[in-house]
Amino acid sequence: MAENQRNRNEPPGERGGDRRSGGERGGEDGGLRHALAVAMVPEIDELTRRVVADIHAHSDAYASGTTVSHDDLWEICRDNLLRALEDFGGLPPSAGDFEHAARETGRRRAEQNVPLDTVLQAYRRGGRVMWQVMAEHLRASRTGRAGRRDTADRADGTYGAGRTGDGGRAYGADPDTELDIAGAVWETIDRYSLVMAESYRLTQLEMQGRRDTRRVALFEALLDGRGDDPAVASAAAAALGVPVHDRYVIVVATQDPAAPPNPAPVLDDHGIWSFWRPRSGRYAGIVRLAAGESGVLLDLLRRRTTATAGVSPEFDRLSQSGRALRLAEQALRTLPAGSGEAAAFDDRLPEVLLVGRPEIAERLVTAYLGSVLDTAAERDTLLDTLRVWLDNGCSAARAAEQLYCHRNTVLNRIGRIAELTGRSAESGEARLGWALALRALPLSGTEDEPGSAEAAPGGPGGPVPA
């Protein structure tokens with residue numbers, strides 16, 4: 001029993017590493033294990049049948065046969081039971097190493113997407129049936145030995161006189177040894193379960209890696225314009241887990257040092273699906289939108305990510321992702337680097353037109369605002385007033401409210417701009433030119449964008465005298 005106690009205290013891995021035969025293990029424990037294994041291996045098909053039936057009775061997932069067929073379950077159970085019995089009894093392995101079946105079970109069930117808890121339950125059910133069959137062998141042995149002893153007692157006239165209470169010895173084992181055997185059965189099942197679970201998790205990681213690689217490759221294919229191929233668009237939709245037809249935008253965000261590296265968690269928190277990848281020093285993402293979420297997306301990008309980002313117009317087919325990427329990149333180019341601003345393409349159309357033609361942007365600024373820029377003392381006040389006046393539909397009264405000055409002050413400043421530029425403030429052409437020149441100013445490279453000094457009476461660059 002001391003030897004048996006030491007065996008029970010050994011870690012499962014070390015105990016499982018003992019591949020000696022039952023005769024070499026020593027003691028009643030090893031001998032009984034060997035004898036049970038030798039008796040049960042020829043009955044492996046019947047044992048497998050009972051285990052499969054028990055698993056079906058206790059698991060709807062297996063009983064349905066949808067994910068794991070009956071033949072698949074039979075094959076796996078038989079292989080696991082045979083190797084477990086050979087390992088348990090110290091028999092030489094019939095094929096490969098003892099734990100191969102457990103590793104194969106973990107790999108196959110992970111690929112079939114059977115929950116790990118369901119597979120572990122099946123291992124427990126198999127262990128329970130295996131011990132039940134062993135117990136049946138032990139009871140049959142005891143019954144047979146008791147019958148033979150009774151016959152011998154009757155023959156010599158000492159029936160019952162010589163019984164010492166040890167008629168329950170099975171295969172020459174006492175009850176304590178049989179308890180050791182029960183513990184050894186569950187130790188074997190636990191060890192095989194651990195091997196299976198480790199293989200299951202490793203397979204899951206490998207599968208996730210393959211899925212991620214495929215998802216990235218197909219997303220890149222969409223951005224490269226290859227989504228026009230219906231097969232590519234369909235495969236990308238399946239890999240990303242979204243429909244081929246829905247409401248989408250492409251976002252291109254700079255990797256600003258102060259901004260999160262990936263906007264996805266922020267959008268996820270607000271129930272907005274997105275998928276992002278680094279691309280040429282930026283992050284490119286596809287965002288799936290519900291009705292009315294465009295404004296929410298821009299607000300989240302501005303307030304929660306602080307990334308400088310351009311957003312494409314909405315599109316309804318994944319095959320349009322490549323074109324949308326180009327439009328989002330153009331919107332991004334209209335924004336000052338590191339500004340933390342997010343702009344939709346449709347809100348920046350004049351800037352988009354100008355940013356690609358710097359020579360035209362420069363000429364617009366020179367032709368419509370050059371003389372104003374030359375007036376250093378008045379420049380900021382005049383430009384701020386012109387911008388507010390144009391934004392308010394050329395209403396001096398509304399502009400005055402925002403600038404905290406008198407209506408006549410606004411009119412005097414607009415008159416001063418007209419005088420400097422030689423253009424009439426009543427001319428639609430002049431107003432359009434001024435509006436475009438203001439948008440071109442930060443893009444032209446001829447002059448920094450004007451300061452935001454408040455054009456209040458008495459403030460910096462105070463009102464131009466009437």
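Residues are numbered from 1 along each chain as its sequence is written, and side-chain values use heavy atoms, with hydrogens and water left out. In this predicted model, local features need pLDDT of at least 70 and side-chain atom pairs count only at pLDDT 80 or more, while totals for chains, interfaces and linings use all residues.

Q: Why is Arg191 called buried?
A: Buried means under 20% relative accessible area, exposed over 50%, and partly exposed in between (1.4 Å probe, protein chains only). Arg191 has 9% relative accessibility, and therefore counts as buried. The residue lies in helix H10, residues 175-223; helices are DSSP runs (H or I, at least four residues), numbered from the N terminus.

Q: What makes the pairing of Arg191 with Glu99 a polar contact?
A: A polar contact is a pair of N or O atoms within 3.5 Å; within protein, one must be able to donate a hydrogen and the other to accept it, and residues adjacent in sequence count only if both atoms are side-chain atoms. The side chains of Arg191 and Glu99 make such a contact at 3.3 Å.

Q: Why is the pairing of Glu99 with Arg103 called a salt bridge?
A: The term requires a side-chain nitrogen of Lys or Arg within 4 Å of a carboxyl oxygen of Asp or Glu. For Glu99 and Arg103 the closest N and O atoms are 4.0 Å apart, and the pair forms a salt bridge. By this rule the count comes to 34 salt bridges.

Q: What makes the salt bridge of Glu136 and Arg50 a link between distant parts of the chain?
A: The side chains of Glu136 and Arg50 meet at 3.0 Å, N to O. Glu136 belongs to helix H9 (residues 116-156) and Arg50 to helix H5 (residues 44-58), 86 residues apart. Glu136, at 32% relative accessibility, counts as partly exposed, and Arg50 is likewise partly exposed at 24%.

Q: How do you know that Arg107 and Glu104 are separated by about one helical turn?
A: Arg107 and Glu104 are 3 residues apart in helix H8 (residues 100-111), which means a separation of about one helical turn. Their closest N and O atoms are 2.5 Å apart, in a salt bridge. Arg107 is partly exposed at 29%, whereas Glu104 is buried at 18%. A network of salt bridges links Asp72, Glu75, Glu104, Arg107, Arg108, Arg109 and Glu111.

Q: Why is H7 called roughly antiparallel to H8?
A: The axes of H7 (residues 70-89) and H8 come within 8 Å and cross at roughly 155°. That angle makes H7 roughly antiparallel to H8, since angles under 35 degrees count as roughly parallel, over 145 as roughly antiparallel, 65 to 115 as roughly perpendicular and the rest as oblique. Axes are lines fitted to C-alpha atoms, for helices over the stretch in contact, and angles run from 0 to 180 degrees between N-to-C directions.

Q: What makes H7 and H10 oblique to each other?
A: H7 and H10 pack at an angle of about 130°, with their axes 11 Å apart. H7 and H10 are therefore oblique to each other. In contact (heavy atoms within 4.5 Å), residues of H7 including Arg83 and Phe88 meet residues of H10, among them Arg191 and Tyr192.

Definitions and conventions: Helix = DSSP H or I, 4+ residues; strand = E, 2+ residues; numbered from the N terminus.
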